[in-house]
Amino acid sequence: MFLFPLVSTGLSSLISGSMIARYLGHRGSVVISLFCLFVSFFSSVLIWIEVCLGSSETYIDLFGSWFTVGSFNVSWTVYIDLYSAHMLLTVTSVSTAVHCYAVVYMRSDPHLNLFLSYLSLFTFFMLVLVCSESLINMLVGWEGIGVCSYLLIGYYSHRLSATKSAQKAILVNRVSDGLLLWGIVMIWWHTGSLEYDIILLSEVPYVSTFLSLAIMIGAMGKSAQILFHVWLADAMEGPTPVSALIHAATLVTSGVYVMARLSPFYDDLIIVVGSLTALMAGIFGFFQSDLKRVIAFSTCSQLGYMMVSIGLGEHGADAAMCHLMTHASFKAALFLAAGVIIMAAAGNQHMGRYGGLSASHCSLYCFVTLLIGCLCLMGLPETSGFYSKETIINLSYVFFNPLADYAHTLLVIAAFITCTYTVKLFIQSFFYDFSGNDYSVSSASPNTSMLIFVAFTILLLDIVAKIWVGTNLLSGILFFVPWGVKTLPVGLMLAGFLTATAAVYPGNSSMALSLVRFNATRWGFDQLYARTLVLLVLDWGRIT
């Protein structure tokens, strides 16, 4: 049972991407892929019940020694504990929903077999990452999802923008992955082992600042933190199912998972990085006009919350994992609903050209799904997003560290901005008509199975999050937070709603337009890198 998620996803990718798919056809590949993913999901549910509710961690030695160098022996061992079980449930549930959605969204694509193979392979490597016992096994899954993300983002290879975005994603991640590998080598040098348990019991987390910095930068690249965030928005060039899978529970959350595993390595710097990322991405999301890019920057902002939580003591890693799970559920719902809206608007992603979609044939299921996802993202009381995000904000308030006070302020401001651009997104998609009365939209058939599964995932992870937060995090520490501090994010949510409805954009003054232009270009990070690092590398290549 414990190997079913890995075996089923690997088998799905192998069959869909092999010569057998030529004889099975699209329908046969779809049936096999969905069957394997459902087997993986139900196996993950049973594993979660056994490990989390039964409190039984599991070690499985697959085939003994992998390779040996001197006295250093590496074996393939599957290790499933509390963190791994939660990640298994999250990854397989979201991936199954995305596979169901991709069957409808990509039904006219002539290479549907190959696309499903890429999705299944991506899921397989993510499961390898979360089920690894040591850093060397984790690195196999880490590099595997990096290669698969390149294939998926650049799937539309006939489009130059998609090819450039795929190259940008993998090149930016090469920088951080190189430092991560350097940090892993230094850990082995000091401990002689790469197993998580041995590393955390040793003194290596406190050996050098450079070691902690290398591991942190390695995670910052995959999780799109500040300075490494430039690839995230361009990754939206891939199909919508790819965006949902990458930004919900797989690629971008892998860095958070590794940091939660190695939480003693990090010091106050991660609090600064996470809080700045949350604020920066919120500002970028407000000034974007592309529907998928707004949701992408909201992902980057929520990842900043998780990074801050990692640096907030022993409860911080639990809070980060809790927010990771809840965020995966409603962010997948947001992306899949956005895909239905884009289909209804004849492939148009510019929110300023939408209009009257609620009066068109865009499904009511899509309307409700987007509404639920937006409410969870804003943190409406009694939603899963409220419980997980509110916990991180309150932990930053009670944590005894001067930097945590500044982080609390930035996170509260980011929560206000999140509410503003989320309401703006919803209103522009369904209520305001910016494109005139003659704008017509085509009908989009509702993917009922996808929506039912996403709704089930939201409810399931909502229950799990409330149980985890109530039992592990809220037992004493957060009851000392003043009432005004606890209710401040809710008040800012209402303020963000009023701000978004009062004015979609600032006034027409030259200063306001300059501010809009500066934020819409994402503070010029892409231009800065293009004129410094990229030109330097190209000149070096020309000379050599």
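# A tour of the helix packing and ring contacts

Begin by selecting helix H5 (residues 135-153) and helix H8 (residues 209-222), which pack at an angle of about 30°, with their axes 12 Å apart (axes are lines fitted to C-alpha atoms, for helices over the stretch in contact, and angles run from 0 to 180 degrees between N-to-C directions). That angle makes H5 roughly parallel to H8 (under 35 degrees is roughly parallel, over 145 roughly antiparallel, 65 to 115 roughly perpendicular, and the rest oblique). Looking along the contact, you will find that H5 passes H8 in a left-handed crossing (the near helix is turned anticlockwise from the far one by less than a right angle; clockwise would be right-handed). To show the contact itself, display Trp142, Ile145 and Gly146 on the H5 side, with Gly218, Ala219 and Lys222 facing them from H8 (contact means heavy atoms within 4.5 Å).

The model is predicted, so local features need pLDDT of at least 70 and side-chain atom pairs count only at pLDDT 80 or more, while totals for chains, interfaces and linings use all residues. Residues are numbered from 1 along each chain as its sequence is written, and side-chain values use heavy atoms, leaving out hydrogens and water.

**The whole chain**

Zooming out, the protein chain carries 21 helices and 2 strands (DSSP runs numbered from the N terminus: helices H or I of at least four residues, strands E of at least two). Of its 544 residues, 58% count as buried (under 20% relative accessible area; exposed is over 50% and partly exposed in between, with a 1.4 Å probe and protein chains only). If you draw the contacts between residues at least 6 apart in sequence, 80% of them join residues at least 24 apart.

**H3 with H11**

Next, select H3 (residues 82-105) and helix H11 (residues 251-261), whose axes lie 11 Å apart at an angle of about 165°. The two helices are therefore roughly antiparallel to each other, and their crossing is right-handed. On the H3 side, show Tyr83, Ser84 and Met87; these meet Thr253, Tyr257, Ala260 and Arg261 in H11. A second case to show is Lys424, which lies over the face of Phe286 at 5.5 Å from the ring centre.

**Aromatic pairs**

Rings of Phe, Tyr and Trp (its six-membered ring) pair if their centres lie within 6.5 Å, with planes under 30 degrees apart stacked, over 60 edge-to-face and the rest tilted. By this rule the count comes to 8 aromatic pairs. One of them to select is Phe38 with Phe42, a stacked pair with 6.4 Å centre to centre and 25° between the planes. Both residues lie in helix H2 (residues 20-53), 4 residues apart, about one turn of the helix. Phe38 counts as partly exposed, given its relative accessibility of 28%. For another stacked pair, move to Tyr101 and Tyr105, which are 5.4 Å apart centre to centre with 25° between the planes. These two tyrosines are also 4 residues apart, here in H3, so about one helical turn separates them, and both are buried.

**H14 with H15**

Select H14 (residues 314-344) and helix H15 (residues 364-378), whose axes come within 8 Å and cross at roughly 145°. H14 passes H15 in a left-handed crossing. From H14, the residues Phe330, Ala333, Leu334, Ala337, Val340 and Ile341 meet Cys366, Thr369, Leu370, Gly373, Cys374, Cys376 and Leu377 in H15. Then go to Ala344, also in H14, which is buried, with a relative accessible area of 0%. The C-alpha atoms of Ala344 and Tyr354 are 9.7 Å apart in space, the two residues being 10 residues apart in sequence.

**Two threonines to finish**

Which residues does Thr418 touch, not counting residues up to four places away in sequence? Thr418, in helix H17 (residues 402-430), touches Ser301, Gln302, Leu377 and Lys389, and at 0% relative accessibility it counts as buried. The last stop is Thr191 in helix H6 (residues 160-191), which counts as partly exposed at 23% relative accessibility. A C-alpha distance drawn from Thr191 to Glu203, 12 residues apart along the chain, reads 8.6 Å.

Definitions and conventions:
A charge sits over a ring if NZ of Lys or CZ of Arg is within 6 Å of the ring centre and within 35 degrees of the ring normal.
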